2 protein chains.
Amino acid sequence: MPKVTIAQNILAANEQIAQEIHCSLAARSMRAINVMSSPGAGKTTLLERTIERLRGRLVMGVIEGDVETSADAERIEAAGAETVQINTRGACHLEAHMIRDAISELELAKIDLLVIENIGNLVCPAAWDLGEDTRVVVMSTTEGDDKPAKYPQMFALSQVMVVNKVDLLPYVDFDMQKAKRQALAINPHLHIFELSCRTGEGLDNWCDWVVTFARGAG
Amino acid sequence: MPKVTIAQNILAANEQIAQEIHCSLAARSMRAINVMSSPGAGKTTLLERTIERLRGRLVMGVIEGDVETSADAERIEAAGAETVQINTRGACHLEAHMIRDAISELELAKIDLLVIENIGNLVCPAAWDLGEDTRVVVMSTTEGDDKPAKYPQMFALSQVMVVNKVDLLPYVDFDMQKAKRQALAINPHLHIFELSCRTGEGLDNWCDWVVTFARGAG
């Protein structure tokens with residue numbers, strides 16, 4: 001079965017590069033977060049708000065993954081973080097070799113925390129280790145409370161779940177308890193934040209966690 | 001480069017099965033729609049509302065693609081359509097051989113239109129022909145107006161774009177003109193519907209198009 005063998009080789013090669021990235025960042029005591037979600041759940045806006053709120057407390061370097069356009073990287077740069085754009089030109093996830101190349105473009109000495117914003121995709125990115133210390137899955141209240149059950153791998157392999165757009169709860173059919181219950185059934189260790197990037201609700205708790213995490217705790 | 005060769009072989013094999021499906025449906029004068037979107041854009045709800053509204057006018061057979069769970073198929077069946085569930089167990093898109101197997105489970109003689117609900121993913125499903133006559137991409141106002149520019153292949157290869165959740169326009173930063181302009185820049189032939197499955201706004205126009213399409217026009 002050459003298909004399976006080659007797929008395994010590709011994943012094994014990815015795993016090795018991810019391990020190298022992980023060790024090289026650890027040698028600098030730098031931690032990395034891999035942020036994943038559906039398209040439009042609010043990854044970029046969450047990073048914008050986080051960078052703005054932590055200005056003076058924490059310097060973030062951001063690797064922006066997109067299929068096309070550099071619009072997100074421009075937003076992140078405008079928010080005040082050093083940014084590298086990866087355009088995958090059709091590919092549905094980031095791979096470790098892309099991160100290795102992107103890291104070489106960053107001035108790591110000036111950065112306290114590395115953040116990777118993955119391609120908007122709730123399926124494929126879960127399979128690819130990027131050398132990160134932790135995975136954050138962002139979901140939004142407008143996507144429906146059934147997403148953890150329907151895309152379990154992403155929630156099983158993440159350490160943190162952010163439920164964004166809680167300001168829209170009055171206008172959508174989203175059962176927060178059901179979503180959390182389903183997510184915790186898949187992964188009892190998930191750390192969950194409920195927030196709204198639009199109103200700012202819940203952002204302080206999230207930002208405190210980011211700072212604690214960047215300092216090696218959390 | 002075995003990786004590329006094998007990927008091409010897989011796509012070529014898919015294309016051949018898709019062609020067989022297409023011809024076999026055409027021989028019955030049956031048309032097929034492939035519905036694609038991000039997770040949570042509202043594909044299943046759109047199909048539920050469409051089935052309910054067209055009761056007595058059009059009998060739909062629905063192939064439900066999900067990574068896990070049969071929750072969507074149960075909703076579609078409750079709405080009144082004959083339904084077959086495909087669970088891909090981790091795979092990020094439907095392939096033609098899955099559709100061929102699913103079609104064999106449907107009583108085609110009782111069906112006027114075949115609808116395939118793809119995996120919630122705005123990237124990978126675009127590459128896989130399922131033998132459909134037309135592709136419908138659903139996006140929602142909560143995902144942001146930049147999705148056509150950021151995921152261009154899906155919009156380039158679709159014939160119809162549905163913008164769902166227009167009832168939430170007052171509460172989100174979504175520029176409808178920008179979204180439509182970007183989508184039409186990628187694909188000037190896109191037929192665009194703006195609607196809300198929650199309030200029913202715009203559903204009549206959409207349902208009229210579905211009926212016209214099923215009858216071989218449109």
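User: How many residues does chain B bring to its contact with chain A?

Analyst: This is a predicted model, and totals for interfaces use all residues. Chain A gives 37 residues to the contact. Chain B gives 37 residues.

User: What is the distance between the closest N and O atoms of B:Asp66 and A:Lys150?

Analyst: Six salt bridges are found across the interface of chain B and chain A. B:Asp66 and A:Lys150 form a salt bridge. The pair qualifies because the cut-off is 4 Å. Their closest N and O atoms lie 3.2 Å apart.

User: Which element gives the most to the side of chain B that touches chain A?

Analyst: The rule also finds 13 residue pairs in polar contact across this interface. In chain B, α1 (2-27), α3 (71-79), β4 (113-120) and α5 (147-150) each supply at least two residues of the touching side. With four residues, the element that gives the most is α1(B).

User: How many residues on the side of chain B that touches chain A are charged?

Analyst: That side holds 17 nonpolar residues.

User: Which chain B residues line the largest cavity?

Analyst: The structure holds four cavities of 30 Å³ or more. The largest has about 50 Å³ of space. Its lining divides into five nonpolar, two polar and no charged residues. Chain A supplies A:Leu122, A:Val123, A:Tyr151, A:Gln153 and A:Met154, and chain B supplies B:Val67 and B:Gly90.

User: Why are A:Arg49 and A:Glu52 separated by about one helical turn?

Analyst: The whole structure has 32 salt bridges over all chains. In one of them, the side chains of A:Arg49 and A:Glu52 meet at 3.1 Å, N to O. The separation is about one helical turn because the two residues are three apart in helix α2 (residues 43-53) of chain A.

Definitions and conventions
Residues are numbered from 1 along each chain as its sequence is written. Chains are lettered from A and ligands numbered from 1 in the order in which they are written. This is a predicted model: local features need pLDDT of at least 70, side-chain atom pairs count only at pLDDT 80 or more; totals for chains, interfaces and linings use all residues. Side-chain values use heavy atoms; hydrogens and water are left out. Contact means heavy atoms within 4.5 Å. A polar contact is a pair of N or O atoms within 3.5 Å; within protein, one must be able to donate a hydrogen and the other to accept it, and residues adjacent in sequence count only if both atoms are side-chain atoms. Ala, Val, Leu, Ile, Met, Phe, Trp, Tyr, Cys and Pro count as nonpolar, Asp, Glu, Lys and Arg as charged, and the others, Gly among them, as polar. On a 1 Å grid over the protein atoms alone, a cavity is a set of points where a 1.4 Å probe fits but cannot get out, and a pocket is an open set with protein on both sides within 12 Å along at least five of seven lines; lining residues have an atom within 4 Å of a point. Grid points are joined across faces, edges and corners, and a volume is the space filled by probe spheres set on the points.
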